[in-house]
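Below is a short briefing on one protein structure. It covers charged pairs, a surface patch and some backbone details.

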Amino acid sequence: MSTIPPPLPPHPASMPPLPRGWWQRNWKWAVPLAVLALLSVALVFVALVLFAVRGSMQSSDVYADALARARAHPDLVVRLGEPMTPGFMPMGRIDTSTEGGGSGYADLTFTLSGPHGSGRITATAERMRGVWLYEQLVFMPPRGIDGRIDLVERGTPVGPADALP
C-alpha cells in the first residue's frame, strides 16, 4: 500500500526586505567625500609645517642679516637692480644650542632677484659664545654666468641691519 504524504503547508508570505541603512543609501558620495576630506587635512598639515619652517628661517639672525647685507652691497645692487626680492623658501638648516653661552651653525641658501637678474645667496655662519660669525656670504649667479660676489670676509660678525657698513 502506498501512502501519499500529506500536502505541504502553503508557502508563507515572503517578508519585505529590511529597510536600507544610511550607509547603504549614501556610500557612493560619502566615500569620495571622506577621501577628499582626508587629503585636505593632509595638505593643510603639510602647508602649516612648510610655513612654520619658512617663518623660523626667515626670522633667524643669519637670514635677516644676509638679506640686508645683500641688498646694501653696491656691486649686487648694480648687477640685480632694485628692488631685490628674496625667493619664497630659504633652504638649509640652522642649529643652535645654549651650551657654552650659545653655540650653533647655519648653512642657508636663498634666491635673490631684481629687475636685471637673479642668483643665489649662500650664507654659512658659526655661533660661538652667543655671537654669529660668517664663514662665507656669497652671491652666485645662475649657471654659465661669471660673477661670484663675496659679500663679507670670513669672520665678519652677524649684526643687526642698522649696523651695516
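How many salt bridges does the count come to? The count comes to three salt bridges, a salt bridge being a side-chain nitrogen of Lys or Arg within 4 Å of a carboxyl oxygen of Asp or Glu. This is a predicted model, in which local features need pLDDT of at least 70 and side-chain atom pairs count only at pLDDT 80 or more, while totals for chains, interfaces and linings use all residues. Residues are numbered from 1 along each chain as its sequence is written, and side-chain values use heavy atoms, with hydrogens and water left out.

**Salt bridges**

- Side chains of opposite charge can pair when their charged atoms come close.
- R69 and D65 form a salt bridge with an N to O distance of 2.7 Å.
- Both residues of this pair, R69 and D65, belong to helix α2 (residues 61-72) and sit four residues apart, about one turn of the helix; helices (H or I, at least four residues) and strands (E, at least two) are DSSP runs, numbered from the N terminus.
- R69 and D65 are both buried, where buried means under 20% relative accessible area, exposed over 50%, and partly exposed in between (1.4 Å probe, protein chains only).
- In the salt bridge between R93 and D95, the closest N and O atoms are 2.4 Å apart.
- R93 is partly exposed because its relative accessibility is 44%, and D95 is partly exposed at 35%.
- R148 and D150 are joined by a salt bridge of 3.2 Å, N to O.
- D150 has 48% relative accessibility, so D150 counts as partly exposed.

**Nonpolar surface patch**

- W22, W23, W27, W29, V31, L33, V35, L36 and L39 make a nonpolar surface patch of about 980 Å².
- Patches are made of residues with over 30% relative accessible area and no salt bridge, like charges being joined within 9 Å and nonpolar side chains (Val, Leu, Ile, Met, Phe, Trp, Tyr) within 5 Å.
- Accessible areas come from the Shrake-Rupley method with a 1.4 Å probe; for residues, only the protein chains shown count as cover.
- L33 is found in helix α1 (residues 22-58) and is partly exposed, at 47% relative accessibility.

**Loops and backbone**

- S60, in the loop between α1 and α2, is buried because its relative accessible area is 11%.
- Leaving aside residues up to four places away in sequence, S60 touches I94 and L108, contact meaning heavy atoms within 4.5 Å.
- The E82 to P83 peptide bond is cis, with omega near 5°, and P83 lies in the loop between α3 (74-80) and β1 (85-86).
- R129, a residue other than glycine, has a positive phi near 50°.
- R129 lies in the loop between β4 (117-128) and β5 (131-140) and is exposed, at 70% relative accessibility.
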